[in-house]
Amino acid sequence: MELKSACRMLLFPVQMLYYLVKASLSSLLPSRKKDLGKEVVLITGGGRGIGRHLAKEFAKQGARKVILWGRTEKCLKETSEEICLSGTECHYFVCDVANREEVYKQAKVVREKVGDVTMLVNNAAVVHGKSLMDSDDDALLKSQHINTLGQFWTTKAFLPRMLELQHGHVVCINSILSQSPIPGAIDYCTSKASSLAFMESLTLGLLDCPGVGCTTVLPFHTNTEMFQGMRVRFPQLFPPLKPEVVAQRTVEAVRADKAFLYMPWTMHALVLLKSFMPQVALEEIHRFSGSYTCMNTFKGRT
């Protein structure tokens with residue numbers, strides 16, 4: 001037993017080098033993408049913003065059915081009608097993911113009316129854009145319930161059937177703010193950090209579950225209504241992402257079974273810097289980039 005353990009320890013660095021080389025080559029070479037022709041995709045927060053573009057992109061890339069969840073029926077209906085006109089079957093259900101019982105109830109309705117969900121996209125999120133002391137307690141709770149706990153309920157509702165079928169995918173639209181928080185959005189940053197930990201744990205927990213995978217998307221500031229009014233000091237260097245580009249890259253990452261997607265790729269450098277730079281240096285980076293004041297003009301969704 002000791003000899004076996006010693007051999008494994010000696011082989012471990014070689015394995016790590018192999019995986020690094022393999023990952024590098026995979027990023028350069030075109031990868032084989034899974035077909036979406038049999039997939040039933042459910043998107044939370046699917047009526048507007050990134051969710052709406054995700055729905056359109058999944059339909060465009062061949063998903064068999066698209067299901068939209070959200071709290072505003074008008075937006076859900078408009079998006080659903082647009083997707084149906086493109087030739088893809090689409091259904092919508094009013095559902096607040098913060099409400100556990102409502103999630104479980106609507107998940108049952110979805111299975112009865114549409115069928116088994118094979119791809120769950122946790123996209124629903126809110127942000128209030130205030131400091132801790134200026135934030136209303138109920139608003140703080142709302143962020144945590146929607147952005148974090150909502151994923152617990154939706155995943156618990158749909159993952160068991162995916163495991164039975166040995167076929168499925170769980171997607172999380174997270175944010176780079178989960179790893180590089182900014183002032184003025186403490187509710188959002190905290191909830192997204194919790195959401196990231198949830199997805200990292202879930203991804204590792206599904207390693208021995210054949211046919212079921214995870215994808216976590218961590219984009220930079222995206223130009224949607226939710227972050228209306230947010231200002232970046234150097235927009236030429238760090239332009240806000242277009243929601244349609246985030247949607248396209250997300251669907252491509254899902255089809256390639258990619259576990260984590262950073263957008264743009266320069267966000268990898270930001271995470272790397274955080275791992276070894278002293279706090280004073282990180283503070284200077286925040287001052288230089290203007291992240292201390294980027295939420296001063298925040299308006300949010302009107």
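Helices (H or I, at least four residues) and strands (E, at least two) are DSSP runs, numbered from the N terminus. This is a predicted model, in which local features need pLDDT of at least 70 and side-chain atom pairs count only at pLDDT 80 or more, while totals for chains, interfaces and linings use all residues. Residues are numbered from 1 along each chain as its sequence is written, and side-chain values use heavy atoms, with hydrogens and water left out.

**View 1. Helix 2 and the glycine just after it.** Just after the helix, glycine 62 has a positive phi of about 105 degrees.

**View 2. Helix 3 and its buried side.** Which residues of helix 3 are buried? They are Cys75, Leu76, Thr79, Ser80 and Ile83. These residues cover an arc of only 125 degrees around the axis, so they sit on the same side of helix 3; the arc is that of the directions from the helix axis to the C-beta atoms. On the face turned away from the buried side you will find the exposed residues Lys74 and Leu85. Helix 2 (49-60), strand 2 (65-70) and strand 3 (89-94) are included in what covers the buried residues of helix 3. Glycine 87 follows helix 3, with a positive phi near 105 degrees.

**View 3. Valine 121 in the largest nonpolar core.** A nonpolar core is a set of buried Ala, Val, Leu, Ile, Met, Phe, Trp, Tyr and Cys residues joined through side-chain atoms within 4.5 Å. The largest one here has 33 residues, and Val121 is one of those with the most contacts inside it, as are Leu54 and Phe58. Leaving out residues up to four places away in sequence, valine 121 touches Val41, Leu42, Ile43, Thr44, Leu54, Phe58, Val171 and Ile173. Another core, of 29 residues, lies apart from this one and includes Val97, Val117, Cys172 and Val212.

**View 4. Cysteines without a disulfide partner.** How many disulfides does a search of the whole structure find? The search finds zero, where a disulfide is a pair of cysteine sulfur atoms within 2.5 Å. For cysteine 75, the nearest cysteine sulfur is that of cysteine 90, 14 Å away. Cysteine 75 is buried, with a relative accessible area of 15%. Cysteine 209 is partly exposed, at 23%; its sulfur is 9.3 Å from the closest cysteine sulfur, in cysteine 214, which is too far for a bond.

**View 5. Threonine 148 in helix 5.** Is threonine 148 buried or exposed? With a relative accessible area of 10%, threonine 148 is buried. This residue lies in helix 5 (residues 137-165). Not counting residues up to four places away in sequence, threonine 148 touches Ser143, Ser191, Ser194 and Ser195.

**View 6. Backbone angles to look out for in the loops.** Most residues other than glycine have a negative phi, and most peptide bonds are trans. Glutamine 166 has a positive phi of about 55 degrees although it is not a glycine, and its place is in the loop between helix 5 and strand 5. Aspartate 257 also has a positive phi, near 55 degrees, and is found in the loop between helix 7 and strand 7. Aspartate 257 is partly exposed, with a relative accessible area of 49%. A cis peptide bond, with omega about -10 degrees, joins methionine 263 and proline 264. Proline 264 lies in the loop between strand 7 and helix 8 (267-276).

How values were computed: Buried < 20%, exposed > 50% of the residue type's maximum accessible area, 1.4 Å probe, protein only. Contact = heavy atoms within 4.5 Å.
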